[in-house]
Every structure is written in C-alpha cells, then in structure tokens.
Amino acid sequence: MRFAARAAALASLLFVAACATKPAQPPVGQPPVVQPPVSQPPVVQPPLVEPPKPATAREAGILLAAPQLIGAEQAARALAAFRISCRSVRTRADASGLANPADWVAVCAEAATITPLQAPAFFRERFDWVQVGDGKAFATGYYEPEIAGSPTPLPGYVPIYRTPPDLIRCTRADGQTGRGRIDANGACVFYYDRPQIEDGALVGKGLEIAWAADPIELFFLQIQGSGRVRFPDGSILRIGYDNQNGREYVAIGRQLRERGILPPGGANMDAIVAWMRANPEQGRALMRENLSYIFFKVLTGPGPLGALGVPVTERTTVAADPKFVPLGAPIFMRVDRPEANGLWVAQDTGGAIKGANRFDTFWGAGDYAKRTAGGMSASGQALILLPKGAAQRALARP
C-alpha cells in the first residue's frame with residue numbers, strides 16, 4: 001500500500017509539473033516558433049595510453065619454476081658451451097638484474113670438474129629455474145653461411161666493409177645517444193644508412209675486407225652476423241660481426257608477408273631469396289628498406305664469436321637480449337618445433353633479438369643448418385637457469 005500511495009503521489013506530481021511547464025501556444029494564424037537545436041559539445045575520448053613495456057627481466061617479473069627433464073646429449077653439449085662461457089660470466093656486468101658475476105663462481109668451478117654423464121643432474125640441481133614475465137617464447141634461427149667472394153674487386157662484386165673509424169657513440173641534437181658520426185659542422189648525426197653506403201658513402205676509405213659476388217648473399221650474411229667467404233682459389237676467409245651503423249633493423253620477411261607477397265608461414269629464407277631473384281629491382285628496393293648495415297672483422301679462431309667473445313656452438317648457442325637474460329645462462333625451451341626443444345646457452349646477441357623470451361638459435365654451417373635456421377619460427381615457453389640462490393635474491397629485491 002505504501003508503494004501504491006507513493007506511486008499515485010508521484011503520478012500526480014508529474015501531471016502538475018507537466019501542466020505547469022506546458023509551453024504557451026502561439027496566436028491563431030501565427031506560425032509556431034521553432035527553437036534552434038541546442039548544440040552539444042563533441043565527446044572527446046581520452047587517448048589510449050599503453051602501459052610502458054618492461055625494460056629488464058626484473059621489471060618483467062620472475063617466477064620460480066620446476067626443473068625439467070634434459071636429454072643426456074643436450075646436457076653434454078650445454079655443459080661444454082657453459083664451461084666456455086664461464087670465462088666471461090664471472091666478470092661481466094649483468095644488465096638483466098637477475099645475477100651478479102660472483103653468483104657464477106661456484107657453479108662454474110663445479111662445471112669444470114664434472115663429466116658429461118653428470119651434466120643432466122648438474123643443470124637440474126645446481127640452478128634456480130625461473131620464468132621471466134609470462135614465459136611465452138619466440139625463437140628464430142641463424143647459421144654460418146658461406147658465400148662466393150674475392151680478395152680483390154671484380155666486376156659486379158660488392159664490398160664487405162670493416163668498421164669505419166668515424167662510426168662513434170655521440171649525443172645528437174635531439175638528446176638521444178647512440179651510434180653516429182660528427183658532420184662537417186661538428187654536430188653528431190645519424191651514421192650512413194644502407195642505401196647511402198650502397199651508393200658509395202664509404203668508397204675510397206680503404207675499409208674493404210673482401211668483395212662478395214652476390215649482394216643478396218651478402219645481405220643475408222649480414223643478418224646472420226658471421227660467415228665464410230670462399231675465394232676463387234678455394235681458400236676461405238672467415239668473418240664475424242664487429243659493429244653496426246645504429247640504424248633500424250627491418251625484417252624483410254615480415255614486409256613480404258604484410259604486403260601479401262608471401263603467405264603467412266611461407267616467408268622462409270629460400271622463399272624470400274627466390275622472390276628477390278625473380279624480381280631483382282623490387283628485391284633491391286626491399287633490401288634497402290632495412291637501413292641497418294653490419295660491419296665485419298676477420299676471424300682467426302675455431303668458430304664464429306658471440307657477444308661473450310667466445311666461439312658459439314651449433315645446436316647449443318642462442319642469441320638473447322642481455323636485459324632479460326644474463327649472457328652465459330642456460331635456457332630451456334619447450335616450443336612447437338621439436339628440433340629447437342631442450343637446453344641452450346645464451347652466448348650471443350642480435351639486433352632483432354629484443355625483449356623477454358626472444359631467442360635466436362644457432363645451427364652451425366652447411367645445408368642442414370641453412371635449411372633449419374631459414375625456416376625456424378618456433379613458439380612456446382622458456383625458462384632461464386640461474387645459479388642457486390640468485391633467484392631468491394632477485395625476488396626479494398624491491
């Protein structure tokens with residue numbers, strides 16, 4: 001009853017209010033006065049602000065994980081690579097925030113004394129296994145290519161350059177510090193990009209290590225970061241990454257997929273090269289979209305050198321972002337490409353290898369390595385192995 005009485009009172013109030021606010025009618029014969037519509041200010045939506053991406057593994061966050069089963073052969077290869085890495089990890093500053101150089105001393109000393117048969121237990125029991133961020137991994141592949149070349153210039157051959165002396169780190173007018181050069185006015189500017197270098201910016205400066213017979217093969221050797229140059233007399237010159245011009249790396253395979261030229265999943269190295277050879281002008285233009293340019297040095301050791309300054313190991317070395325993985329740390333991957341599953345060691349870096357759980361697997365030299373690396377695109381999960389105690393300390397830090 002109280003609800004009905006309130007409803008009746010409310011109806012009466014609305015009726016009175018409607019009568020009280022009934023608009024006056026115009027005199028007979030006069031057109032009604034039309035009030036202009038009241039303009040409403042446009043509704044301005046605030047811009048969507050994406051949260052900043054984590055800059056290090058510490059910022060991404062870590063979780064302790066359970067050790068996984070490791071095959072004996074994988075563990076033996078990883079042990080050999082880890083021993084080599086110990087030369088550097090005990091003195092190298094760690095940018096990831098996950099480990100200190102001192103953390104590696106005891107585990108490296110133990111690695112030097114065990115046998116390959118003891119390797120699986122060593123990696124399971126002497127390390128903290130951690131997940132960085134969500135642990136979702138993406139892995140590509142690289143290898144040591146061999147290209148035809150010459151120690152002297154020949155018609156149609158293109159130069160392979162060493163690092164120019166004017167490539168330095170400096171601060172530009174926009175306040176950004178990075179690789180660049182000092183121009184005629186004394187200002188720090190971007191270094192020459194790929195089109196400028198290919199058009200002759202470095203000609204006459206005596207920077208040529210050798211000459212490559214095929215610019216497409218040299219382009220992919222730059223992406224791999226190291227390789228072999230076979231001269232007409234059969235001799236081999238081994239070269240490795242020394243520096244980069246500081247310009248943006250553009251993945252041409254992704255460009256071809258996004259433009260619908262190659263299908264998703266079909267932009268492997270063989271397909272890219274075949275398209276470039278069938279479309280030479282467009283292929284050259286596509287390569288020049290990648291402004292990044294790699295400078296090499298002559299290698300005299302047993303194999304290509306990684307970022308730790310030690311030889312990389314086929315089917316064992318991965319390139320990683322040192323802000324998310326301490327270089328020298330073992331990596332365990334479980335991905336949708338079975339040949340990339342298992343234990344690896346972070347011994348290298350790469351211009352396109354950025355962010356958490358982004359890896360580039362090294363496959364050695366030869367046709368198998370070329371096919372596997374060229375078609376490698378693996379997704380799954382990754383775990384980082386840290387010396388015992390390092391993870392708990394990282395977790396305890398504010």
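Trainee: Before we start, what should I keep in mind about the numbering and the model?
Mentor: Residues are numbered from 1 along each chain as its sequence is written, and side-chain values use heavy atoms, with hydrogens and water left out. The model is predicted, so local features need pLDDT of at least 70 and side-chain atom pairs count only at pLDDT 80 or more, while totals for chains, interfaces and linings use all residues.

Trainee: OK, how many disulfides are there in the whole structure?
Mentor: The search finds 2 disulfides, a disulfide being a pair of cysteine sulfur atoms within 2.5 Å. With the bonded cysteines numbered in sequence order, the pairing reads 1-2, 3-4.

Trainee: Which residue does Cys-86 pair with?
Mentor: Cys-86 is joined to Cys-108, with 2.0 Å between their sulfur atoms. The pair links distant parts of the chain, since Cys-86 is in helix 3 (residues 72–89) and Cys-108 in helix 4 (residues 103–111), 22 residues apart; helices here are DSSP runs of H or I with at least four residues, strands are runs of E with at least two, and both are numbered from the N terminus. The torsion about the S-S bond is -85 degrees, and the link of Cys-86 and Cys-108 is left-handed.

Trainee: And the link of Cys-170 and Cys-188, left-handed or right-handed?
Mentor: That disulfide is right-handed, because the torsion about the S-S bond of Cys-170 and Cys-188 is about 70 degrees. Cys-170 lies in strand 6 (residues 168–171) and Cys-188 in strand 8 (residues 188–189), so the pair ties together parts that are 18 residues apart in sequence.

Trainee: Are Cys-170 and Cys-188 buried or exposed?
Mentor: Cys-170 is buried at 10% relative accessibility, and Cys-188 is buried at 11%. Buried means under 20% relative accessible area, exposed means over 50%, and partly exposed is in between, with a 1.4 Å probe and protein chains only. Cys-86 and Cys-108 are both buried as well.

Trainee: Switching topic, how many salt bridges does the search find?
Mentor: It finds 18 salt bridges, where a salt bridge is a side-chain nitrogen of Lys or Arg within 4 Å of a carboxyl oxygen of Asp or Glu. One of them joins Arg-228 to Glu-144, with the closest N and O atoms 3.5 Å apart. Arg-228 lies in strand 10 (residues 226–230) and Glu-144 in strand 3 (residues 136–144), so this pair ties together parts that are 84 residues apart in sequence.

Trainee: What about the salt bridge between Asp-199 and Arg-288, what is the N to O distance?
Mentor: The distance from N to O is 2.9 Å for Asp-199 and Arg-288. Asp-199 is in the loop between helix 6 (194–198) and strand 9 (208–212), and Arg-288 is in helix 10 (residues 280–289), 89 residues apart. Asp-199 is exposed, with a relative accessible area of 54%, while Arg-288 is buried at 17%.

Trainee: Which residue does Arg-337 bridge to?
Mentor: Arg-337 forms a salt bridge with Glu-339, and their closest N and O atoms are 2.7 Å apart. Going back to Asp-199 and Arg-288, salt bridges that share partners join them with Arg-194, Glu-198 and Arg-284 into one network.

Trainee: Now the rings, how many aromatic pairs are there?
Mentor: There are 14 aromatic pairs, counted when ring centres of Phe, Tyr or Trp (its six-membered ring) lie within 6.5 Å, with planes under 30 degrees apart called stacked, over 60 edge-to-face and the rest tilted. Among them, Phe-82 and Phe-122 form a tilted pair, 6.3 Å centre to centre and with 55 degrees between the planes. Phe-82 lies in helix 3 and Phe-122 in helix 5 (residues 119–125), so the pair ties together parts that are 40 residues apart in sequence.

Trainee: Which residues are in the aromatic cluster with Phe-82?
Mentor: Phe-82 forms one aromatic cluster with Trp-104, Phe-122, Phe-123 and Phe-127.
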